[in-house]
Amino acid sequence: MKKFLLMLFALFCIGLFAERLDLNTATLQEIKQLPVSELQARDIYNYREYVSFFESLFDLRKIPSIDQMTLLRIKPLVLVSLYREEDEVSIRRAEIQDLLERLDSNEGGSEGMSDVWEDYLMTPQNVNQMHFDDFVSLPNVSPVDAVALLKRIAQGDTIADMRDMRNTVGLSYYGNTNLRSYVYYKEPPVKNRLFIDANLQYYTRYFEEGSRDMFREPILRSDYGVSGVVIPHDKRKSYWGYFNLDKLDPDMMVKLRARYGNHFKIGMMNYKAKGETALIDQPSEDIIADTKMYAGYENNQLPIIKNTTLKAYVGDYRATFGEGLVMENTDYYSARKTGYGFSKRILGITPDLSRTQEYGLRGGAVEIKNPRWGFTAFGSATKKDAVVYMQRELDSLGVATDYLTPVVDADGKYHVLSYVTPSVRFDNDDLREAEAQFNNELRQGGAYAMPYINLTTRKDFLEEKLWGTHLQASPIIGTKLGFTTYTALYDNAHFVVGDWNTLQTQLIRDSYYYKVFKLLDSELAGMYSTKNAAYTRNYRRVLGFDASTVLGNTSVQGEYAELSVDGDDLKLGDDPKAYLISAYTQYENLNFLTLFRHTDIDFDNPYSNSFSEHEKFTDTSLDKYIYALTNPTLSDIYQNSSQAQPEHGIYFETRYKFNNYFTVGRSYLDLWERLTDGRRSARFQSELEFRPLFQVSMRLRYKNQINRYDDLADRGVSKTNEYTMSLRTFLSARDFLEFEYRYNTVWSPPYTSLTNPAEEGNNSMAAAMMLMTGDYIGVNYTHNFNPSLKLTGSFVYWYGHGISHWDWEDMEIDFMGEKGAKTWVALHSRVSQNLYVTLKYRNKSYQSKELRIRQYNEAIAAENYFERVLHNENTIRLTLDYRF
C-alpha cells in the first residue's frame with residue numbers, strides 16, 4: 001500500500017510539472033491562456049522576444065505590468081527552462097573546439113599557418129568545389145586522398161555528406177578524419193557574416209641558450225698584451241650588460257583579424273620582442289613600419305570563369321610553392337620538413353600575421369587558379385636587417401674615432417655581408433653608441449688583427465624590391481607542372497662576400513684564433529655576392545620548376561631550383577642548385593615516404609625553406625667559436641638561419657598500424673652527407689605503441705644518430721642513443737595523464753690535449769672513446785573541470801652529465817641545462833561566450849656546467865675556473881583571445 005501511494009504521488013508531480021507552461025518557449029496564444037490580462041500576456045511575450053530570456057520566475061517582476069499578486073497567481077502554472085542563447089558561430093566553434101586548441105598549441109611550429117587553418121575550420125569550403133592544392137594544403141591530407149576525391153567529383157558523383165565522403169574509393173581513414181572538419185557538402189554551417197578575432201599576448205620569456213651566450217660574450221675576453229692590467233670578467237663590456245638584457249622585459253603581441261565570410265579579410269599585428277623598444281617609446285613611423293597588416297579578397301567560384309578561384313592581397317603575405325626550394329618565406333627553420341602530416345606547406349598566397357620579419361613579403365599578390373591551370377604574381381618592397389661592413393669614422397682632423405660608419409664603394413652603395421634575423425632588433429642609434437664603447441674597450445686589449453668591430457647588424461638597412469611569378473598546368477587530375485621564379489633588386493647596397501682566406505681575417509679578431517676557421521666555413525664563403533671580381537649587379541634571381549603526379553596509391557613530387565650567378569638562366573646545371581624528389585605510398589593502415597635531396601654549398605636562397613637535418617651554418621665558426629668573432633652578434637647569422645644546410649642524402653619514413661593494439665608510430669631513417677667537409681651521418685628513430693585498452697597507451701621510442709660513420713677514427717665522430725618509455729592514460733571527462741622516462745648516451749673521442757698524451761707509459765685514455773650519459777623523467781597532465789575550464793601542466797627532472805636534453809613544452813621546444821627541474825601549469829578558460837583566457841606559469845631551476853680553461857693541459861694565466869651556477873627562471877604567459 002505504501003509503494004502504491006508513493007507511485008500515485010510521483011505520477012501527480014509529473015503530471016503537475018507537465019502541465020506547467022515554459023515561458024521561454026511558449027507562444028503568445030499559450031501565454032494568453034494564463035490568468036493574466038491581454039496586456040500582461042503581451043508584455044511577458046515582448047520581454048522575452050526583445051529584452052531577454054527568463055532566467056527565473058522572479059524575472060517577471062522586471063515587467064512593469066506584472067505585480068506581486070500576478071506573480072503569485074501564475075507561479076504554480078509556469079516554469080522557466082534553462083536557455084543558452086547561441087548563434088551558428090558559437091555552435092560551430094563548440095563543434096571544433098578541440099581542433100582549435102590543437103592548432104593554438106602548434107602555433108610555435110607552424111609560423112602563422114594556424115590562422116589560415118582556423119579560418120577554414122570556422123568557414124569550411126565546399127568539398128565538391130575544392131581544387132588539388134586546396135586539399136593538400138590541409139593537415140594530414142595526402143595527394144592520394146586529394147586525387148581520390150577529385151576523380152569522384154569529376155565523374156559527376158557529388159559528395160552528399162560525411163558518411164558519403166568516407167565511402168570514396170582511395171580516401172584513407174586518416175585523410176577522411178582530418179578533412180571532414182574543414183569542408184561542408186550542401187549548406188555551409190556558418191553563412192556569410194562578420195568575424196572578428198582580437199588576440200593579446202604577454203610573455204616574460206628568457207633568451208635561448210645560444211642567444212644568451214652570444215650576448216654575454218665579452219668584447220674583450222682577457223688582458224692579452226697588456227702588462228699588469230687585468231680587467232675582471234664581470235666588468236668587461238658585452239651586449240648583455242650594455243643593454244641590460246637581464247631585466248624583466250616581456251614579449252608583447254597584439255593581433256587583430258576581421259573577415260566577412262571567406263571573401264573579405266583584413267588584419268594587423270604588432271610584435272615587440274624581449275630587448276626591443278617598447279611601443280610607447282617608439283615614434284609613430286617605426287610603429288607603422290613594424291606593424292604587419294593586410295587586406296585581401298578571396299572567391300572560390302568566380303562568376304566569369306567556371307571553377308576558377310581568385311585571391312588578391314595587399315600588405316603582408318606569404319608565398320609558398322612546390323617543395324619550398326624557390327619560395328617559402330619564413331624566418332623559422334623546421335628540421336625534416338617533409339610536407340606531409342602536420343609538417344605542411346600551405347601552397348599559394350596566404351595572409352601573414354606571423355612573427356616572420358626578415359623574410360616577410362609586403363606589397364601585393366594575385367592568384368588565379370582552376371583545375372587545369374594557375375597563375376600567381378607577387379611583388380614586395382621592404383627594408384631588411386643586414387650585416388654591414390663598417391669602418392672607423394674620421395673626425396674633423398682626419399683621425400679615426402671609436403664610432404663606426406658603413407663602408408661605401410665608388411658608386412655610392414654600401415657593402416653588406418648577408419641578411420640576418422637578429423635575436424634582438426636593437427635601435428641603430430643605440431647600437432652605434434654601444435659599438436663606440438666596445439671599440440674603446442678593444443683598444444685596451446692590445447694589438448689585434450682586427451682592432452675594431454668591422455661587421456655589425458643594422459636594422460632596416462637593406463632596401464629590397466622583389467617580384468616573382470608562379471605558373472602551373474594540370475593536364476590530368478593529380479598531375480601538375482609548375483615554374484617559379486623571383487628577382488630581388490637591391491638599390492642601396494651590394495652583397496660582398498670574400499673568399500675563404502678573406503673571410504678568415506674579416507670574421508676572426510685575433511690571428512691566434514685563425515685556426516678555428518676551418519673547412520666547414522667554406523659554407524660562409526659560398527654566400528651570394530652581387531659584386532665580386534667577375535661581375536657587378538644589383539639583383540639576386542632564383543628560378544626553378546616543380547612537378548607532381550599520383551599513380552594509384554603513390555604520389556611522386558619534386559622540385560629543382562637554381563640561383564643565377566654566372567650561368568645561363570635557360571640552361572640547367574651551370575649555376576648553384578638544389579633539388580628534391582619524394583615518393584609517398586599510402587594504404588589504409590600503412591604509409592611509406594622516400595625523399596632524396598641535394599643542396600649545393602653556394603646555393604644561397606634566403607627565401608628557401610626546404611627539407612634538411614640541420615640549418616645553414618651549423619658547426620661553422622658562427623656556431624662553435626663565438627668568442628673568436630670580431631663581433632659576437634655575427635652568430636645571429638647562424639642562430640636564426642631558416643635555410644637548409646648543404647646536404648646530400650636520402651630519407652625514409654613510415655607508419656604502420658598492425659591492429660587495434662599495436663602501432664608503429666612515425667619511424668624514419670636519414671642517411672646524409674654534409675657537403676662542406678664530407679661528413680656522413682645517419683639518424684634513426686622508431687616508436688612502438690601498445691594499446692590494450694582505448695584508455696591506456698604504452699610507448700617505446702628509440703633514437704640513434706651517428707656522425708662521421710664512415711671514419712670512426714675521425715675527431716668528429718659521435719654516437720648518440722636515446723631510449724624513451726611512456727605510459728599514457730585517457731581518463732574520464734577527457735582528462736589525460738602521462739609518465740615518461742628517457743635515457744641518453746653519447747659516445748665521442750676525447751680531446752687528447754685535455755686527457756693524457758698517447759705516449760708510452762702514459763694513460764691510454766687519449767685513444768679511447770668517452771661516454772656521457774643522462775636521464776630525464778617527466779609527468780604531463782590535463783584536467784577538464786568543465787567544458788569551459790581546463791588545466792594542463794608538466795613536471796620534469798633531468799640530469800645531463802654533459803648531454804643536452806629537450807622537452808616539447810606546450811607551444812614550444814625547450815633545451816635544458818646540465819641538471820635541474822622544471823614545472824609549468826597552464827589554465828585555459830572560456831570566460832564568456834566570446835572571450836578566451838590562457839594563463840601559464842613556468843619555473844625552471846638548473847645548473848650550468850663547471851668549466852676549467854686550459855691550454856694544452858695547462859691552466860691559462862688569466863681566469864681559468866668557472867664554478868657551477870644555479871639558475872632560477874620564472875616566466876608568465878598571458879593570452880587573451882576575443883572571437884566574435
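Predicted model: local features only at pLDDT ≥ 70, side-chain atom pairs only at ≥ 80, totals over all residues.
So, strand β5, residues 194-203, with strands here being DSSP runs of E, at least two residues, numbered from the N terminus. Its covered face carries F195, D197, N199, Q201 and Y203, while L194, I196, A198, L200 and Y202 make up the uncovered one.

Numbering starts from 1 along each chain as its sequence is written, and side-chain values use heavy atoms, without hydrogens or water.

Okay, who sits beside β5? Strands count as paired if DSSP finds at least two bridges between them. β6, residues 251-260, runs antiparallel to β5 with ten bridges, and there L200 faces V254. β38, residues 870-883, is also antiparallel to β5, over seven bridges; Q201 bridges to T879 there.

Now the rings. Phe, Tyr and Trp (six-membered ring) pair if their centres lie within 6.5 Å; planes under 30 degrees apart are stacked, over 60 edge-to-face, the rest tilted. That gives 38 aromatic pairs. One of them is Y560 with Y579, stacked, at 6.3 Å centre to centre and 10° between the planes. Y560 is in β19 and Y579 in β20, so this pair ties together parts 19 residues apart in sequence. Y560 is buried at 14% relative accessibility (buried is under 20%, exposed over 50%, partly exposed in between, using a 1.4 Å probe and protein chains only). Y579, at 24%, is partly exposed.

Key
Helix = DSSP H or I, 4+ residues; strand = E, 2+ residues; numbered from the N terminus.
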